[in-house]
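Dear colleague,

Please find below the structure that I am handing over to you, together with its sequence. My findings are set out after it.

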Amino acid sequence: MPKLVWRVKLVAEFETGETTEVEVAHLERDEQAGLADLGLRLAEAKRLTAAIQAKIVPAQVTVAGEHRRTCVGCGRVLASKGHYTATFRSLFGDVPIRVRRLLACTCQGTGEAKSFAAFDLQAATVAPELAYVTARYAALAPFGKVADLLSELPPVSGAANAGTVRNRTMRVGEAVVRPHATTAEKPATVKPAEPVVVGFDGGYVRSRHRRDERHFEVIAGKVIDAQGSQSRFAFARNSPTIAFDAFRQALAIAGVTADTPATVLCDGDAGLWRLQREAPPNATIVLDWWHAAVRFEHALQAAHGLGAVDTHLSGEAVRGIERAKWRLWHGRWPGCRRKLAALCRWLRRTYICGVAGIGRLEHHVRELLAYLERNQGALVHYAARRRNGEPISTAFVESSVNEIIAKRMNKKQQMRWNRATVQPFLDVRTTVLNDTIEDAFRHRYPGFRPANDDEEIAVAA
């Protein structure tokens, strides 16, 4: 059957006016094409882009090397020290390149290196676009699925396997995200700082080293400003010093300074108590009402259970617990403590302590009283805060733990994590969720996806 042949040629035009025309690929189709033959096939698109990339990259490296042949100081032409080979990995194929090395000029002094590469690969042969795409999707899906996805899409050499995806993602966290985070701290402004809400909690992920520990803790949280913008953060709880530094950096990136009026919501966990005290000095620490209400509910259920034995005792216990809860809700902590302490003394009376179920009720009341006494510095007027629209619950913190940790690292995931090396991945994931991953790449690689692309397209249209 007769075939139609398309020959794809690449034309390069230099500053001198010279042009070079190179055929990079040719496509064949039957004249009587069906629906499946219309347009480019995926394999043809891969082959075409790979062929174009194989011509463009070496030419770019050669031209860039020629521009650096002249000494900046004296204008002398630098001598060549030969070439070294490398493989440039991009979204459109792996391209072997030869990079020229040049001898340093004598006018530079003895302290400089004796030779240097004419084209600086910045200690990496992976294109920023490939690293960006890999890290972005690896932060949202398992490494193996990302490797399969990249092998199916138009990129020719996305990733060979899950290990490649993981290693590239970790390198992005170390070389791109972390340096950007240290320099992206918002400077303090002259105008009064707006209030923010800070909340964090811990979640557990499976440990790779099962002999030492089955799980280890990861702290995840959010900083919400007055406009509702959310800044997520996460860090492994390896030591108090590392945790304190990570928490301070997360607050600094979100623009929280010592003068920022902040509200820190906590659930009363003893392990996070010191970390909560690292909040700004003007912060108001609030104990989550839900966690306190749940403990009241446990005591009420035990009190209602006495109704099967003695209705009068059950009614007295329920009234005492409800009065204590009402006083706590209205900010009357001393009255709440007196009521719960009196209830504990009443439950220890001789004619009561032998009743079935009293021991269980006393246990819940004592546990509730001890919990509130440990966190009495974080007890506030909950009713007034509720009327003023101020936060009293850590519901958004629980959702952040589920969003940052559970969805990607626990739920339906069989992967185990290394406590010592999990931080770069957490940095990448929070940066992707905060939608600042492109900013980090722009900071690391100037010219990467300019932020005003949309404006330029609109002007061109």
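**Overall picture and confidence**

Please bear in mind that this is a predicted model. The protein has 461 residues, of which 40% count as buried. Its secondary structure consists of 16 helices and ten strands. When contacts between residues at least 6 apart in sequence are taken, 62% of them join residues at least 24 apart.

The mean pLDDT of the protein is 82, and 86% of the residues reach 70 or more. Among the elements, helix H12 (residues 382-387) has the highest mean pLDDT, at 94, while helix H16 (residues 453-460) has the lowest, at 46. Over residues 454-461 the pLDDT is below 50, and this stretch makes zero contacts in the model beyond near neighbours in sequence. Where pLDDT is low, the predicted coordinates should not be read in detail.

**Helix H2 and its partners**

Helix H2 (residues 128-138) meets helix H3 (residues 143-152), and their axes come within 9 Å and cross at roughly 135°. That angle makes H2 oblique to H3. The crossing of these two helices is right-handed. On the H2 side the contact is formed by Val133, Thr134, Tyr137 and Ala138, and on the H3 side by Phe143, Val146 and Leu150. By class, the contact of H2 with H3 holds six nonpolar residues, one polar residue and no charged ones.

H2 also packs against H4, at an angle of about 100° and with the axes 9 Å apart. H2 is therefore roughly perpendicular to H4. Here Leu130, Ala131, Thr134, Ala135 and Ala138 of H2 meet Val165, Arg168, Thr169 and Val172 of H4. The residues of the contact of H2 with H4 divide into six nonpolar, two polar and one charged.

A further partner of H2 is helix H15 (residues 437-444); the two axes come within 11 Å and cross at roughly 155°. Because of this angle, H2 counts as roughly antiparallel to H15. H2 passes H15 in a right-handed crossing. Pro128, Ala131, Tyr132 and Arg136 in H2 are in contact with Ile437, Glu438 and Phe441 in H15. Five nonpolar, no polar and two charged residues make up the contact of H2 with H15.

Read together, the lists show Ala131 in the contact with H4 and in the contact with H15.

Val172 lies in helix H4. At 3% relative accessibility, Val172 counts as buried. Leaving aside neighbours within four places in sequence, Val172 is in contact with Ala131, Ala135, Val177, Val428 and Phe441. Val172 and Ala440 are 268 residues apart in sequence, yet their C-alpha atoms are 9.6 Å apart in space.

His180 is also placed in helix H4, which spans residues 162-183. Its relative accessibility is 16%, so His180 counts as buried. Not counting residues up to four places away in sequence, His180 touches Asp439, Ala440 and His443.

**Helix H14**

Nine of the eleven residues of helix H14 (residues 423-433) are buried, so H14 is largely enclosed by the rest of the structure. Just after H14, Asp435 takes a positive phi of about 60°.

**A proline in a loop**

Pro280 lies in the loop between helix H6 (273-276) and strand E10 (284-287). Pro280 is buried, with a relative accessible area of 11%. Its contacts, leaving aside neighbours within four places in sequence, are with Leu251, Val256, Thr257, Ala258 and Thr260. The C-alpha atoms of Pro280 and Val256 are separated by 7.8 Å, while the two residues are 24 apart along the chain.

With kind regards

Technical notes
Residues numbered from 1 in each chain as written. Predicted model: local features only at pLDDT ≥ 70, side-chain atom pairs only at ≥ 80, totals over all residues. Heavy atoms only, no water. Axes fitted to C-alpha atoms, helices over the stretch in contact; angles between N-to-C directions. Helix = DSSP H or I, 4+ residues; strand = E, 2+ residues; numbered from the N terminus. Parallel < 35°, antiparallel > 145°, perpendicular 65-115°, else oblique. Left-handed = near helix turned anticlockwise from the far one by under 90°. Contact = heavy atoms within 4.5 Å. Nonpolar A, V, L, I, M, F, W, Y, C, P; charged D, E, K, R; others polar. pLDDT = per-residue confidence, 0-100. Buried < 20%, exposed > 50% of the residue type's maximum accessible area, 1.4 Å probe, protein only.
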